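This report looks at how side chains pack inside one protein model. Please have the sequence and the 3D view open while reading.

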Amino acid sequence: MSLLSYRKPAAHTLLAIALVSGLGACGGAGPAATAAATPPATPAPVQPPAPPAPAPVTQPVMPPPTPLPAPTTKAFDDAVVLAVIDSSINPYHWDYLAAKMPQAGTDDALPLDQDPATWLPGHPGAAAFKSYQALNLTIDPSDPNAGTAALAVKDAAEWGKINYSEGTSNSEVNMVWFPNTKIIGHVAFPGALIGDPFTSLLLGASSGPVNTFATTSHGIGTSSVSAGNIHGSCPNCLIVYVHGTSEQANEWVQQQDWIDLQTNSWGISAVNRDRAYAGSDTAGQRTAVERGQQIFFSAGNGQENAFVVPNTTLQSSQEGPDWIVTVGATDSVDNSSPTGHGKPADISSVGDSYPSASGNNGTANGAGTFGGTSNATPVIAGIYAEALYRIRKSLPGASRMQKDGVIATGPAGCKAANPDCALADGQLTVHELRTALYRSATYSKTGVNVGGLGGITTIPMSQNVEELELLSEGHGNFRGRMDGDETYEAEIERITGFVDGSWFAEQEANQIAWMKALSYCTQQVWGSWDHSYFKAADGLPAFNDPAWPVRNFLVAGCPPVIGALVEAEQAYAAATR
């Protein structure tokens with residue numbers, strides 16, 4: 001489940017009214033929501049005769065892409081570093097051991113017994129931090145039944161070296177790393193209260209040394225499904241583990257140009273789990289993404305954390321901005337979307353019963369399951385990261401970089417399916433890889449279910465309502481490792497194939513129109529951006545089609561209604577900083 005906190009009530013809306021209305025009664029969402037506000041100047045909407053029911057989203061024809069070339073041996077330069085911001089970790093688990101990485105025992109094996117500052121391109125170096133040291137733990141790659149809690153007790157003196165960091169610049173950060181694991185960096189921030197100033201005032205901020213070990217935790221779930229050797233969608237990734245979910249943690253990660261992406265399965269709310277919040281450094285977010293570090297955030301599990309009544313993502317500075325990839329959930333059994341995860345979402349993945357190192361029996365190779373948008377988000381982040389790793393391995397150019405959005409380079413040219421692919425200029429940008437992720441997703445064919453996950457019966461005929469699918473799944477979904485290696489490999493190869501031109505499918509017109517409306521809404525609320533569907537030169541997207549009531553609201557209702565609410569949230573955030 002997502003980790004949330006309570007805050008003083010702030011003016012907010014349940015866009016759920018508009019979003020839930022997408023289940024059939026949403027025809028009045030736009031006009032009702034904008035009755036008290038002046039919509040953008042446009043001709044009066046034309047009310048045509050009721051159109052026929054829209055057809056379901058058409059699945060693109062997906063020929064098998066050509067696999068990428070055999071890997072090179074540029075191991076250090078091709079490494080992908082994924083930051084997980086969460087709570088508690090278990091570096092004794094085999095999901096994190098260097099000896100269990102896919103590269104172990106090959107020419108591409110990374111020197112994970114050595115200080116990463118000495119071999120990882122782009123690493124700021126030990127001298128950049130307030131403190132920097134190795135935690136020499138009892139790592140055992142030979143005994144799958146080793147009790148990790150007992151190992152942690154044995155290593156108590158090492159765990160006692162971890163101290164909270166005091167600020168967001170490297171000179172204020174206490175960095176540790178775990179030799180012989182893929183956790184090349186570990187930082188702790190006093191974020192157990194998720195940065196809520198009111199609660200922090202009552203209870204006081206965390207201080208002093210902190211033991212971040214656990215045998216099972218939310219953080220073990222998110223890190224294992226994103227970058228675990230066994231369960232991760234990017235088993236080739238390295239991890240920077242950030243303990244303490246807070247804006248301070250986000251702001252530190254955003255400044256690190258040696259970290260390729262970050263995943264966040266938590267969010268701040270005003271009341272309950274509404275995700276009404278405007279305290280993020282959105283300019284810093286945008287700068288980080290435009291430089292080359294993609295940010296992923298969970299959409300939320302609904303108002304009551306049970307996938308029944310949705311929360312809106314539009315009025316959250318963590319999920320709303322156009323430059324954030326916001327991730328929803330789908331059912332593990334029938335791939336349907338629940339009515340109650342956060343909406344709108346950009347993309348989705350499995351939200352229940354996903355294999356992970358969380359919920360295990362406390363042994364070095366124990367396994368359990370993980371769920372919620374908390375699971376879906378790191379799965380998607382890992383898929384993005386694995387595609388980046390494989391693309392970097394296939395290119396002879398410099399890879400470990402973040403400059404003006406460029407994240408890998410190689411020879412210019414594309415394969416036959418798309419001569420205008422991302423590599424046509426010999427450079428891959430973060431924006432092109434994000435587009436490839438979106439365009440390679442597929443839609444489920446089973447519609448939506450009323451709350452809950454795990455084979456819940458879907459709403460009859462909901463699979464025929466195209467707007468519901470776009471609202472819930474965004475560009476579609478990925479199954480990750482849920483269905484085995486064959487499905488997982490096919491998903492990664494679609495992304496890499498889209499990048500190198502060996503696979504391509506045209507985008508549906510209705511999907512483009514929906515995404516343009518959503519992009520317009522988020523840019524009006526959180527700021528303009530040049531790397532998405534809506535461009536200012538395009539003018540106002542169409543919004544008077546009665547078959548698309550939520551899309552109508554995104555254009556006509558979002559700027560005055562959501563915009564006013566966000567202004568109130570921003571005023572509250574400024575007053576309580």
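Which residues have the most contacts inside the largest nonpolar core?

## The model

This is a predicted model, in which local features need pLDDT of at least 70, side-chain atom pairs count only at pLDDT 80 or more, and totals for chains, interfaces and linings use all residues. Residues are numbered from 1 along each chain as its sequence is written, and side-chain values use heavy atoms, with hydrogens and water left out.

## Nonpolar cores

A nonpolar core is a set of buried Ala, Val, Leu, Ile, Met, Phe, Trp, Tyr and Cys residues joined through side-chain atoms within 4.5 Å. Buried means under 20% relative accessible area, exposed over 50%, and partly exposed in between (1.4 Å probe, protein chains only). The largest core has 70 residues, and those with the most contacts inside it are Trp159, Phe296, Ile347, Leu428, Leu433 and Leu437. Helix α10 (residues 373-394) gives the most to this core, with 11 residues. Helices (H or I, at least four residues) and strands (E, at least two) are DSSP runs, numbered from the N terminus.

Leaving aside neighbours within four places in sequence, Phe296 has contacts (heavy atoms within 4.5 Å) that include Leu261, Val325, Thr377, Tyr384 and Leu437. A second, separate core has 63 residues, among them Trp119, Val242, Trp266 and Ala517.

## Aromatic pairs

Rings of Phe, Tyr and Trp (its six-membered ring) pair if their centres lie within 6.5 Å; planes under 30 degrees apart count as stacked, over 60 as edge-to-face and the rest as tilted. The structure holds 13 such pairs. In one of them, Trp159 and Phe178 are tilted, at 5.7 Å centre to centre and 45° between the planes. Trp159 lies in helix α5 (residues 156-159) and Phe178 in the loop between β3 (174-177) and β4 (183-188), so the pair ties together parts that are 19 residues apart in sequence. Trp159 and Phe178 are buried.

Tyr520 and Phe534 form an edge-to-face pair, with 5.0 Å between centres and 80° between the planes. Tyr520 is in helix α14 (residues 509-526) and Phe534 in the loop between α14 and α15 (549-576), 14 residues apart.

## An enclosed helix

How many residues of helix α12 are buried? Eight of the eight residues of α12 (residues 466-473) are buried, so this helix is largely enclosed by the rest of the structure. Glu466, Leu468 and Ser472 are among them. After α12 comes Gly474, whose phi is positive, near 65°.
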